Amino acid sequence: NFHRFYDGLYASRSYNEFTRNAKNLDGDFRIYQGNMEFKNVIPITDVSLGRIYLAQIDGYKIDGANIKVSPSQYFNMNVYYGLPVSYYSNLKTQVAGTNIEIPVESSGTRIKLAYSYFMHDDGGNLNTHVARARLDQSLSFEPLAATLYAEADLIGKALLYEAGFDTD
């Protein structure tokens, strides 16, 4: 992790030294992680604000807000909005979306659904829809534990799908 952090910081400083010389700018200040979490302040609800990593089916790091509602052990939903994080450039993009997870632990089934809408601020029709659905089924045969999965992604107009088998 140190080398990834150091390499990113070095690339950032090199870029900023170039822009500082070109534009006479000072400073290279970055926040890599920082947020506030409010767990169960509102019953069955967790709220995160700040620079957060959304670790659901679609993992994004955003500057924004994430609200997770878990009314039961068999259903939870996240709604989020923010600016995707890039340490190297201004993306001029916003993202809003939701993730839904339905774990049925007794049967070993897990269903995940996600939708994100990226809004580009530079004009034109560069907005992008990203949707994903995933079904996982756990299997347990002594001495083997495995998971079958099927996943489909819709990115803009492209449809991607995958099925597989994971084993421990």
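## Terms and basis

Two strands pair if DSSP finds at least two bridges between them. Strands here are DSSP runs (E, at least two residues), as are helices (H or I, at least four), and both are numbered from the N terminus. By these terms, strand S6 (residues 109-120) and S7 run antiparallel and are joined by ten bridges.

This is a predicted model, in which local features need pLDDT of at least 70, side-chain atom pairs count only at pLDDT 80 or more, and totals for chains, interfaces and linings use all residues. Residues are numbered from 1 along each chain as its sequence is written, and side-chain values use heavy atoms, with hydrogens and water left out.

## The chain as a whole

The protein chain has one helix and nine strands.

The chain has 168 residues, and 23% of them count as buried. Buried means under 20% relative accessible area, exposed means over 50%, and partly exposed lies in between (1.4 Å probe, protein chains only). The chain exposes about 11400 Å². Carbon and sulfur atoms supply 60% of that area. Accessible areas come from the Shrake-Rupley method with a 1.4 Å probe; for residues, only the protein chains shown count as cover.

Residues 24 or more positions apart account for 26% of them. A contact means heavy atoms within 4.5 Å.

The nine strands form an open sheet. Its order is S1-S2-S3-S4-S5-S6-S7-S8-S9, and the pairing is antiparallel. Strand S1 (34-42) and strand S9 (158-167) are the edge strands, and each pairs on one side only. From one strand to the next, the twist averages 15°. Angles run from 0 to 180 degrees between N-to-C directions, and axes are lines fitted to C-alpha atoms, for helices over the stretch in contact.

In a regular strand the side chains alternate between the two faces of the sheet. Strand S3 (residues 59-72) holds Lys61. Lys61 is partly exposed, because its relative accessible area is 26%. Its C-alpha atom is 8.5 Å from that of Leu83, 22 residues away in sequence.

Strand S5 (residues 93-104) pairs with S6 in the antiparallel sense over twelve bridges. Val95 stands opposite Phe118 in S6. S5 and S6 form a hairpin with four residues between them. In the turn, Gly108 has a positive phi of about 80°.

Thr109 stands opposite Gln137 in S7. Ala114 stands opposite Arg132 in S7.

S7 pairs in turn with strand S8 (residues 144-155), again antiparallel, over twelve bridges. A hairpin of two residues joins S7 to S8. Val130 has Ile155 in S8 as its bridge partner. Arg134 stands opposite Glu151 in S8.

## Charged pairs

Side chains of opposite charge can pair when their charged atoms come close. The structure holds seven salt bridges. A salt bridge is a side-chain nitrogen of Lys or Arg within 4 Å of a carboxyl oxygen of Asp or Glu.

One of them links Glu37 and Lys39, with the closest N and O atoms 3.8 Å apart. Glu37 counts as partly exposed because its relative accessibility is 47%. Lys39 is at 55%, so it counts as exposed. Another joins Glu101 to Arg110, where the closest N and O atoms are 2.1 Å apart. Glu101 is buried, with a relative accessible area of 19%. Arg110 is partly exposed at 26%.

## Around Arg132

Arg132 lies in strand S7 (residues 128-141). Its relative accessible area is 23%, so Arg132 is partly exposed. The side chains of Arg132 and Glu151 meet in a salt bridge (3.8 Å, N to O). Glu151 lies in strand S8 and Arg132 in strand S7, so the pair ties together parts that are 19 residues apart in sequence. Glu151 is buried, with a relative accessible area of 11%.

Asp153 is a further partner. Its side chain makes a polar contact with the side chain of Arg132 (2.4 Å). A polar contact is a pair of N or O atoms within 3.5 Å; within protein, one must be able to donate a hydrogen and the other to accept it, and residues adjacent in sequence count only if both atoms are side-chain atoms. The C-alpha atoms of Arg132 and Asp153 are separated by 4.4 Å, though the residues are 21 apart along the chain. A network of salt bridges links Arg132, Arg134, Asp136, Glu151 and Asp153.
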